[in-house]
Amino acid sequence: MARHDPIIPGKTIGILGGGQLGRMFAIAARRMGYRVHALDPSPDCPTGQVADVEWNARYDDVETALKFARAVDVVTFEFENIPYETLQRVAEVVPVHPAPLVLDTTRHRLREKTFLQTHGFPVAPFRAVQSVDDLGAALAQLGTPSILKTATFGYDGKGQTRLDDAAQCDAAWRSLGQPMGVLEGFVRFSCELSVIVARARTGEVVTFPVAENAHTRHILDVTVVPARVPAATATAAVELAVAVAKALDLVGVLAVELFWSDDGSATGKLLVNELAPRPHNSGHFSIDACITSQFEQQLRAVCGLPLGDVELVRPVAMANLLGDEWAAGEPRWERALAIPDVKLHLYGKTEARPGRKMGHLTAMGATVDEAERKVRAARAALTASDARMDAAPKGGVT
Ligand code: AMP
């Protein structure tokens, strides 16, 4: 088979990484008649539970990765910390989308920011730091507050320290635990946005409606779509995301996280915070609210098929379910599901640790505000006491 032939239903897709993003991808792929192999170090991983075949090996076990590659027709990934060496060796055997180089750029904060800056995309001011002296000098330049972030393995705010005073440099540098970090100027944003863009092998690009994201403790909490920003801002955000996808020569799905500051201008000020060359938590709304989900779009892109329509059927809100929801026992699912258009997604994780993403809820509404109220009420009902539920007006606790 020529490398540019489409990979049609019935063929086998390999996915590196076995978390919830792979699981939702595998569900989309199996629904369309593909077979799915998943590789992850942990047995019974969320993707493995719904894949045809689960491979368990460390990501640096190149021999096993090569055997896995020989068993599939195309490989994609759902996890950013796959070693470049593994991905490159796999790409010698079978097509890998997005290309290994895309992952290598985006999984390393400094390389990512440098790439963005070099291509003229707006980012918060930043400095590379390799010692406590570097940190002190960088802080003097960027001012306080600033945020020190690890160059690698940072997600959901892990490996981040806010510096409000130069006296905190020593402790912040010690807590970094890595030889390299990035100091970033603090951005006083009005809200956080994200754009999920899919790009096909032909260069065809489709963007999902702009999402507005609220974080709690640095972890995504609630997404509402369409974002409550001026139309000119949404257009500028989409144009930015498309330009980044093109600059990366992406084939697949890319999430572009943005900070938006309403500075009184027509579009306001947009800065790119982070890139993820895969479906993203803030795109989960698309499963229930768009004609084509971000996962089906990933499938279509990596298989060389035409991209799908991503029209938003109704305004939507998504609320994450973290392990904290299990603190007092199993959440009361029947209460959320009593709201007819609330949808429950659980990822098959058995251990509910605080901060761990266990699932999410989506709700649709006539407006985003209504959808948001509904999804927050549905989530609150999962853990409310019986007395609070009895006292709540119809429509649930908030
Ligand atoms: P990150 O892992 O870099 O996406 O950061 C997680 C969250 O921390 C972001 O979504 C923001 O809410 C917050 N954050 C990160 N960087 C900055 C910054 N430079 N200024 C203000 N808030 C930030």
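Colleague: Which residue in strand 8 is the bridge partner of L148?

Modeller: L183 is the partner of L148. Strands here are DSSP runs of E with at least two residues, and helices are runs of H or I with at least four, all numbered from the N terminus. This is a predicted model, where local features need pLDDT of at least 70, side-chain atom pairs count only at pLDDT 80 or more, and totals for chains, interfaces and linings use all residues. Residues are numbered from 1 along each chain as its sequence is written, and side-chain values use heavy atoms, with hydrogens and water left out.

Colleague: How many bridges join strand 6 to strand 8?

Modeller: Five bridges, and the two strands run antiparallel. Two strands pair if DSSP finds at least two bridges between them.

Colleague: What is the strand order in that open sheet?

Modeller: The order is 5-8-6-7, four strands with antiparallel pairing. Strand 5 (126–129) and strand 7 (160–163) are the edge strands, each pairing on one side only. Neighbouring strands in this sheet are turned by 25° against each other on average, direction ignored. Such angles run from 0 to 180 degrees between N-to-C directions, and the axes are lines fitted to C-alpha atoms, for helices over the stretch in contact.

Colleague: What about the sheet with parallel pairing, which order does that have?

Modeller: That open sheet has four strands in the order 3-2-1-4. Strand 3 (53–56) and strand 4 (74–77) each have a single partner strand, so one side of each has no neighbour in the sheet.

Colleague: How many bridges join strand 2 to strand 3?

Modeller: Four, and strand 2 covers residues 35–40.

Colleague: How far is a ligand nitrogen atom from a polar backbone atom of V187?

Modeller: 2.8 Å. A ligand nitrogen is also 3.0 Å from a polar backbone atom of G185. A ligand oxygen is 3.3 Å from an N or O atom in the side chain of H215. The protein buries 95% of the 480 Å² that the ligand exposes when taken alone. Accessible areas come from the Shrake-Rupley method with a 1.4 Å probe; for residues, only the protein chains shown count as cover.

Colleague: What is the phi of H218?

Modeller: About 70°, positive although H218 is not a glycine. H218 is in the loop between strand 11 (211–216) and strand 12 (219–225). Most residues other than glycine have a negative phi, and most peptide bonds are trans.

Colleague: What kind of peptide bond joins T144 and P145?

Modeller: A cis one, with omega about -10°. P145 is in the loop between helix 6 (132–142) and strand 6. H97 and P98 are joined by a cis peptide bond too, with omega about -10°.

Definitions and conventions
Polar contact = N/O pair within 3.5 Å; in protein donor to acceptor, adjacent residues only side chain to side chain.
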